[in-house]
Amino acid sequence: MPPKIEFPPAAQLEAALNLVNDLGIEKLTARNLAKRMNSSVAPLYRCFRSMNELKYNVMLRVRDMLIEYTRRQYSDHIFLDMVTGIVLFARDFPNLYEALFLKGNEFQDILIQFLESLRDRIPEDEQIPDLSEERRFELMQKMWIFTHGLASLMCAGLLEDRSDDFVIRYLSEAAEAIVSHEIGEEVYHSLFKQEVVA
């Protein structure tokens with residue numbers, strides 16, 4: 001009897017993530033994943049009880065990748081870095097962004113966790129005044145609406161300019177209307193009229 005084929009959960013998760021990145025979430029099926037891993041379907045279910053469970057774990061990985069993008073430095077301000085990271089992630093990983101944000105509400109709890117993590121980081125930007133939790137939520141929600149729109153256009157390949165400079169410039173302009181309303185125009189100008197980090 002031939003030995004059972006075993007795949008470590010991490011290897012299966014990585015293969016599933018790469019499949020979604022290459023082909024989209026709708027192509028993440030047991031058959032497609034088995035083909036990619038040069039296996040039959042049966043061994044795949046030893047790590048995850050169902051494809052839904054695997055998809056959920058893939059989306060958790062996508063969330064973590066996205067958070068890592070929002071923690072990179074693109075400017076002189078943490079808040080602007082966070083929203084810039086979202087759009088650049090959509091540019092670099094359009095199928096992953098689409099899977100998490102544009103394919104219904106199957107992963108809504110993961111999306112909420114992600115947005116809450118951004119809101120909770122706002123106080124880390126020392127140049128933004130101390131805001132109440134309610135005002136932080138309003139600020140994040142308003143900026144998220146614009147950011148998600150820009151990210152969706154980037155994800156769909158509908159923007160000719162895909163550079164970091166373009167993204168930061170547009171997000172800064174959106175902040176003039178959104179952030180200045182929440183924190184005051186004078187504070188806004190001290191926050192967002194700055195140079196992009198090389």
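Helix axes are lines fitted to C-alpha atoms over the stretch in contact, and angles run from 0 to 180 degrees between N-to-C directions. Helices themselves are DSSP runs (H or I, at least four residues), numbered from the N terminus. The structure is a predicted model, in which local features need pLDDT of at least 70, side-chain atom pairs count only at pLDDT 80 or more, and totals for chains, interfaces and linings use all residues. Residues are numbered from 1 along each chain as its sequence is written, and side-chain values use heavy atoms, with hydrogens and water left out.

Two packed helices are described by the angle between their axes and the distance between the axes. Helix H1 (residues 9–23) and helix H5 (residues 94–101) pack at about 100°, and their axes lie 6 Å apart. H1 is therefore roughly perpendicular to H5, a term that covers angles of 65 to 115 degrees. To this contact (heavy atoms within 4.5 Å) H1 contributes Leu17, Val20, Asn21, Asp22 and Leu23, while H5 contributes Asn95, Leu96 and Ala99. Five of these residues are nonpolar, two are polar and one is charged; Ala, Val, Leu, Ile, Met, Phe, Trp, Tyr, Cys and Pro count as nonpolar, Asp, Glu, Lys and Arg as charged, and the others, Gly among them, as polar.

The 15 residues of H1 should span 21 Å at 1.5 Å a residue, and the end C-alpha atoms of H1 are 21 Å apart, which agrees; the expected span is 1.5 Å times one less than the number of residues. Buried residues (under 20% relative accessible area, 1.4 Å probe, protein chains only) in H1 are Gln12, Leu13, Ala15, Ala16, Leu17, Leu19 and Val20. Their cover includes H2, H3 and H5. After H1 comes Gly24, with a positive phi near 105°.

In H5, the buried residues are Leu96, Tyr97, Ala99, Leu100 and Phe101, and they pack against H1, H3, H4, H6 and H7.

Beyond four places in sequence, Leu54 touches Gln12, Leu13, Ala16, Leu28, Leu33 and Phe48.

Phe114 belongs to helix H6 and is buried, with a relative accessible area of 0%. Leaving aside neighbours within four places in sequence, Phe114 is in contact with Arg63, Leu66, Ile67, Thr70, Ile86 and Phe101.

Key
Helices (H or I, at least four residues) and strands (E, at least two) are DSSP runs, numbered from the N terminus. Angles under 35 degrees count as roughly parallel, over 145 as roughly antiparallel, 65 to 115 as roughly perpendicular and the rest as oblique. Buried means under 20% relative accessible area, exposed over 50%, partly exposed in between (1.4 Å probe, protein chains only).
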